[in-house]
Amino acid sequence: SGPKQMSKKRKFVHDGVLYAELNEMLMHELAEDGYSGVEIRRTPLRTEIIIRATRTREVLGEKGQRIRELTSAVQKRFAFPEGTVEMFAERVHNRGLSAMAQAESLKFKLLGGLQVRRACYGVIRFVMESGALGVEVIVSGKARVQRAKSMKFKSGFLITTGRPAQMFIDKATRHVMMKQGVLGIRLKIMLPHDPEGKNGPKTPLPDTVTILDPKEDKPIVQPAKGADEKAYAAPTLGAGAAPMPARPA
């Protein structure tokens with residue numbers, strides 16, 4: 001018998017669970033290589049997994065050994081048939097606009113002992129210089145002191161609700177295991193509008209107003225003298241035409 005049929009509802013749940021587990025696995029495995037997300041493309045014959053990272057050379061490993069190991073691990077873990085999984089590494093063009101890459105960068109800065117305020121402002125400056133419209137960093141937990149608190153750092157313009165927020169805001173969350181306890185990092189980046197779709201969404205924000213240049217006015221042509229009289233002259237009665245009958249009084 002052929003492959004077992006799955007209901008639509010169950011298929012969506014299955015795909016969602018696969019993505020979440022794969023993302024979690026790669027997040028732990030490729031944390032130091034600037035992991036910025038994964039995309040799963042399914043074709044009838046095979047499943048293609050595209051890993052986005054800032055350092056693709058480290059992801060591939062020497063002569064592609066590391067990516068082969070990852071492919072084999074994914075194949076065994078998610079019970080894919082032999083030879084049906086292919087993994088590719090794709091380089092992130094602008095790492096300043098990737099929330100995941102910046103959250104990882106901030107995590108390693110904090111683990112290295114850098115002050116929270118300095119680390120956050122460093123990340124914010126880098127993100128804004130990369131062309132983002134806005135950025136927000138929230139760090140909560142025990143930072144330097146015994147009492148836990150939440151610190152929020154913000155720059156630029158950020159939207160928080162509606163469909164545009166889903167399209168334009170890139171989010172990432174990370175946990176930093178510090179000596180005194182766990183620090184939580186939440187990072188939001190507002191991406192710019194990019195007609196090519198490389199650095200941000202192709203669709204502009206719905207409230208964007210484009211003011212076009214006015215059209216050039218064509219010069220008004222003055223009619224020749226006497227042309228108006230000819231154009232609006234009363235029609236003359238023909239030779240054989242009967243005059244209009246007079247109205248009865």
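View 1. A pocket is an open set of points on a 1 Å grid over the protein atoms alone, where a 1.4 Å probe fits, with protein on both sides within 12 Å along at least five of seven lines, and its lining residues have an atom within 4 Å of a point. The structure is a predicted model, in which local features need pLDDT of at least 70 and side-chain atom pairs count only at pLDDT 80 or more, while totals for chains, interfaces and linings use all residues. Residues are numbered from 1 along each chain as its sequence is written, and side-chain values use heavy atoms, with hydrogens and water left out. The lining of the largest pocket comprises 29 residues, and those nearest its centre are Ser36, Arg52, Leu97, Asp170 and Leu191. Two or more lining residues come from each of helix 1 (8–29), strand 1 (35–42), strand 3 (85–91), helix 6 (162–168) and strand 6 (169–178), where helices (H or I, at least four residues) and strands (E, at least two) are DSSP runs numbered from the N terminus. Strand 6 contributes the most, with six residues. The pocket holds about 730 Å³ of space, a volume being the space filled by probe spheres set on the points, which are joined across faces, edges and corners. Its lining has 11 nonpolar, 11 polar and seven charged residues, with Ala, Val, Leu, Ile, Met, Phe, Trp, Tyr, Cys and Pro counted as nonpolar, Asp, Glu, Lys and Arg as charged, and the others, Gly among them, as polar.

**View 2. The second largest pocket.** About 510 Å³ of space lies in this pocket. It is lined by 18 residues, with His14, Asp15, Arg42, Thr47 and Phe80 closest to its centre. Helix 1 supplies the largest share of this lining, six residues, and by class the lining divides into nine nonpolar, four polar and five charged residues.

**View 3. Helix 5 and its packing.** Helix 5 (residues 116–129) has 14 residues and reaches 20 Å from its first C-alpha to its last, close to the 20 Å expected at 1.5 Å a residue, the expected span being 1.5 Å times one less than the number of residues. Its buried residues (under 20% relative accessible area, with exposed meaning over 50% and partly exposed in between, for a 1.4 Å probe and protein chains only) are Val116, Ala119, Cys120, Gly122, Val123, Ile124 and Val127. These residues pack against helix 4 (99–111), strand 4 (134–141), strand 5 (149–156) and strand 7 (181–190). Just after helix 5, Gly131 takes a positive phi of about 105°.

**View 4. The nonpolar cores.** A nonpolar core is a set of buried Ala, Val, Leu, Ile, Met, Phe, Trp, Tyr and Cys residues joined through side-chain atoms within 4.5 Å. The largest has 44 residues, among which Val137 and Ile189 touch the most other members, and helix 5 gives the most to this core, with six residues. Contacts of Ile189 (heavy atoms within 4.5 Å), leaving aside neighbours within four places in sequence, include Leu97, Val127, Val135 and Phe168. A second, separate core of seven residues includes Ile159, Phe168, Met190 and Leu205.

View 5. Most residues other than glycine have a negative phi. Lys63, although not a glycine, has a positive phi of about 55°; it lies in the loop between helix 2 (56–60) and helix 3 (65–77) and is exposed, with a relative accessible area of 76%. Arg144, also not a glycine, has a positive phi of about 70° and is found in the loop between strand 4 and strand 5. Asp33, in the loop between helix 1 and strand 1, is buried at 7% relative accessible area.
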